[in-house]
Amino acid sequence: MLNKQIRSFLFAGVAAVAVTACGADDVASPGEGNIVVLPTPAPAPAPTPTPTPTPTPAGTPATDCPTGTANVGTITTGNGEQARNCQVSGIIQGNLVLPKRPNTANTIYSLSGAVEVGVDGGAQGILTIEPGVTIFGSSGGDFLLVNRGSQLFAEGTASAPIIFTSRQNIDGSAGVDSIGQWGGIVILGRAPISDCATGGASNPDGTRTDCEAIVEGPSNAVYGGTLPNDSSGRLSYVQVRYPGFEVSPGNELNGITMAGVGRGTFFQNIQIHNSSDDGVEWFGGRVNGKNLVMTGIDDDSVDSDSGFKGHNQFVLAVQRANGGDHVMEADSNGDEDAEPRQDHKLANVTFVSNGGDHVILLRGGGDYAFYNSVFNSPAACIDIDSATTVQAAGAAADENGPPVFESVFMSCATPFVDDGNITVAQIQTIFNAGSNNTSDGTSTLANASAAFPFINGANENAVTATAVNSINSFFEDVDYIGAVRDANDTRFQGWTCGLYANDCVIAPTIG
């Protein structure tokens, strides 16, 4: 357990004063006519110059660790840098700051086991991470968990993102296909959720508004509540590389798990790279997100369930080559009638599958909407399951009706798929009910210097965009579809890896 520590420093001041005096025992009195010539004092010796100290070279490990962390030696990165390894472990109570130190005092931080911020229902904690800080985990058992009532402030900048990654990425042994080398990030909030033992004694009809549940991954970690505007902190300009871990069959840690997180949480400019499970998964909650990047995900890049109600805009997801599951899966499977009903709206997304499953799978009796979006796959684009997902508005207390598609351009080998549930004809009718939709387009997506095609070409930019700010004020109105308009669109440049160069395998610069 990390307790708040107080250090006292004693400062001593030393003052040196040099005083020089000149005089004579018998100076002539005025009018006596004696002139006394005072001897010229000898010149003072020149001061001995202070030697210029030898500067500490850049890339030198710090000699100590910040308060609240443990000094566990040094680590040599794949770049040849050396850094002091300052370890974080146990439960953070009070306010722990992980500072970015100058490159003459290289410092890297590591997670040891399950690091928890605060105690659910008990002492609160705040973890603040400064721009440019790098944090790594060494195994699937190393992860960061923010409990309900506590907060994480991880706010990088476009030029100095905060990087969570694996030890293998630090030492240079991670490869292009590496996945699941450490746990990930779990954030638990007190916003409403839907899946809390529907039919059980605590929630017999699925209508409780104070649901609580145990989150996927960690043991006995609780999420959910009655505070839609709850704040779990602020995350911006954050990379999460090589996360994901199967704790037990069907029970996995994602890149970032957002469970019951309220809309008071700031969640923008986030990248998940090479997660062995989902990129970001929302379990209920009300948080919105913007400028989200998922690359090389081996399961679903975007996954929402358990009554999540939120908005995402400018979402770029490029699935793992020859792997991955759906680019997006929307669920609550088995709890189709639970309330609150899910309502996930997305605008300006570019979803690229590289041979995995369908681009999107919508099921579980939720409401879903896609505006100004691009779907691309060598397989199928859309699969919709469950009659409750496509039923008319109003059948449930907060139901908006079947999925909505507006200004969506698809270029898939098969636009719609029927896997024995909702028919192709039904899905096609839903899709064609929207305006400016193309179900069988030809992709002109381009790439930068990396292998992923994600930049709009002529066909994508020929689609008329739908105004979305009137749908929800979180959305910005833009005159293009997709997440990246053209090669001059710099929305994701500088703070991501793998999109514009094959640089995710390169160890982050510490100094």
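## Helices and strands

Helices here are DSSP runs of H or I with at least four residues, strands are runs of E with at least two, and both are numbered from the N terminus. In this predicted model, that gives 4 helices and 28 strands. One of the helices is α4, residues 458-461, and Val478 sits in the segment that follows α4.

## The protein as a whole

The chain runs to 511 residues, and 53% of them count as buried.

If you look at contacts with a separation of 6 or more, 71% come from residues 24 or more positions apart.

## The largest core

The largest nonpolar core takes in 67 residues, and Phe351, Phe370, Phe375 and Ile382 have the most contacts inside it. Strand β25, spanning residues 367-384, gives the most to this core, with 6 residues.

So what does Ile382 touch? Leaving aside residues up to four places away in sequence, Ile382 touches Ile360, Phe375, Phe405, Met410, Pro415, Phe416, Val417, Ile427 and Phe431.

Another core, of 20 residues, lies apart from the largest one, and includes Val374, Val478, Ala483 and Leu499.

Is Val478 buried or exposed? Val478 has 19% relative accessibility, and the cut-off for buried is under 20%, so Val478 counts as buried. Skipping residues up to four places away in sequence, Val478 touches Phe314, Asn348 and Ala465. Take Asn348: Val478 and Asn348 are 130 residues apart in sequence, yet their C-alpha atoms are 8.8 Å apart in space.

Definitions and conventions. Residues are numbered from 1 along each chain as its sequence is written. This is a predicted model: local features need pLDDT of at least 70, side-chain atom pairs count only at pLDDT 80 or more; totals for chains, interfaces and linings use all residues. Side-chain values use heavy atoms; hydrogens and water are left out. A nonpolar core is a set of buried Ala, Val, Leu, Ile, Met, Phe, Trp, Tyr and Cys residues joined through side-chain atoms within 4.5 Å. Buried means under 20% relative accessible area, exposed over 50%, partly exposed in between (1.4 Å probe, protein chains only). Contact means heavy atoms within 4.5 Å.
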